[in-house]
Amino acid sequence: MSLLRDLVSLNLSETTEKIIAEYIWIGGSGMDMRSKARTLPGPVSDPTQLPKWNYDGSSTGQAPGDDSEVILYPQAIFRDPFRRGKNILVMCDAYTPAGQPIPTNNRFNAEKIFSHPDVAAEEPWYGIEQEYTLLQKDVKWPLGWPVGGFPGPQGPYYCGVGVDKAFGRDIVNSHYKACVYAGINISGINGEVMPGQWEFQVGPAVGISAGDELWVARYILERITEIAGVVLSFDPKPIQGDWNGAGAHTNYSTKSMRTDGGIEVIKKAIEKLGLRHKEHIAAYGEGNERRLTGHHETADINNFSWGVANRGASIRVGRETEKAGKGYFEDRRPASNMDPYTVTSLIAETTIIWKP
């Protein structure tokens with residue numbers, strides 16, 4: 001095992017200019033991340049310098065067996081915290097050989113919205129709070145929970161410290177540092193209300209980069225839990241009963257919201273979000289109805305609401321934003337398994353482009 005570890009961490013730059021690029025994409029379920037590696041002749045810093053590649057879409061539920069080739073277009077580059085050196089992670093989206101985006105390519109649709117001149121002029125900023133649950137591999141039960149049983153009720157676990165309150169901290173800290181190393185704008189981590197549940201935050205990030213960074217942060221977390229022998233779950237309500245669900249609260253602002261008098265722009269944006277509530281809910285993640293019950297710091301899925309410092313509302317405006325008269329707001333509706341390309345672009349479309 002010692003030799004294996006040595007080989008895994010081998011520094012290629014001592015003997016060659018070649019690097020390894022790990023191409024990452026999203027599979028047919030919309031949440032299954034896939035990746036494969038290729039050797040490149042030298043370091044690359046711009047995705048336009050990378051070759052397109054292909055994969056077997058019939059094995060990911062994205063193409064029929066008799067016409068299975070799907071083409072990967074490199075879109076964003078990050079440093080590889082696993083191979084290190086000059087090796088890279090490459091976030092890609094997927095197209096047919098004819099150059100058409102495949103139906104599950106939500107990045108393509110998001111990029112169209114973010115490239116709209118009205119949206120680009122507003123420089124939309126996002127901060128996404130990604131909650132997730134760590135599960136024991138063999139029993140698919142939360143980490144730290146007695147098998148077949150339950151821990152004590154919620155209360156001591158949120159941001160808790162201690163062997164009986166925090167489960168999986170090494171995984172969480174490894175992920176934090178790996179994201180910083182990769183160049184992801186990860187802004188923090190914390191233990192969540194349900195034991196075995198954690199959160200990391202990505203942002204502020206502008207436009208399409210919020211989706212790229214969150215997906216690669218998810219990929220890195222999936223790889224780390226693979227190493228640790230722990231199952232990663234983005235289920236929005238992994239345990240039924242008196243336990244908090246898992247969301248992906250999305251903080252948002254535009255240039256107009258961040259300038260003096262921005263609170264009025266925020267109020268108008270919230271009004272528009274309320275008018276399209278059902279459309280947003282439909283795009284905010286599978287199984288979200290199990291989480292948005294009006295309990296456990298959520299609003300009821302059927303009713304739109306907003307408030308200042310209210311974590312039981314659909315939209316929360318912070319006290320600092322209210323006091324300053326400008327700033328950002330938090331959309332608390334997205335589930336932990338949402339697609340950040342879809343959510344971020346839909347919020348921008350509704351608040352900037354859409355006319356009631």
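Which residues is E22 in contact with, leaving aside its neighbours within four places in sequence? I looked this up and found S35, K36, A37, R83, I88, L89, V90 and Y219, where contact means heavy atoms within 4.5 Å.

I noted that this is a predicted model, in which local features need pLDDT of at least 70 and side-chain atom pairs count only at pLDDT 80 or more, while totals for chains, interfaces and linings use all residues. Residues are numbered from 1 along each chain as its sequence is written, and side-chain values use heavy atoms, without hydrogens and water.

I located E22 in strand β1, residues 19–26 (strands are DSSP runs of E, at least two residues; helices are runs of H or I, at least four; both are numbered from the N terminus). I recorded E22 as buried because its relative accessibility is 6% (buried is under 20% relative accessible area, exposed over 50%, partly exposed in between, with a 1.4 Å probe and protein chains only).

I next examined the sheet. Its five strands form an open sheet in the order β2-β1-β5-β4-β3, with mixed pairing. β2 (33–40) and β3 (53–56) are at the edges with a single partner strand each, so one side of each has no neighbour in the sheet. β1 and β2 pair in the antiparallel sense over eight bridges (pairing requires at least two DSSP bridges between two strands). Within this pair, I found I24 opposite S35 of β2.

Finally, I turned to helix α5. Helix α5 (residues 208–228) lies across β1, β2, β4 (69–79) and β5 (88–95), and runs at about 115° to β5 (axes are lines fitted to C-alpha atoms, for helices over the stretch in contact, and angles run from 0 to 180 degrees between N-to-C directions).
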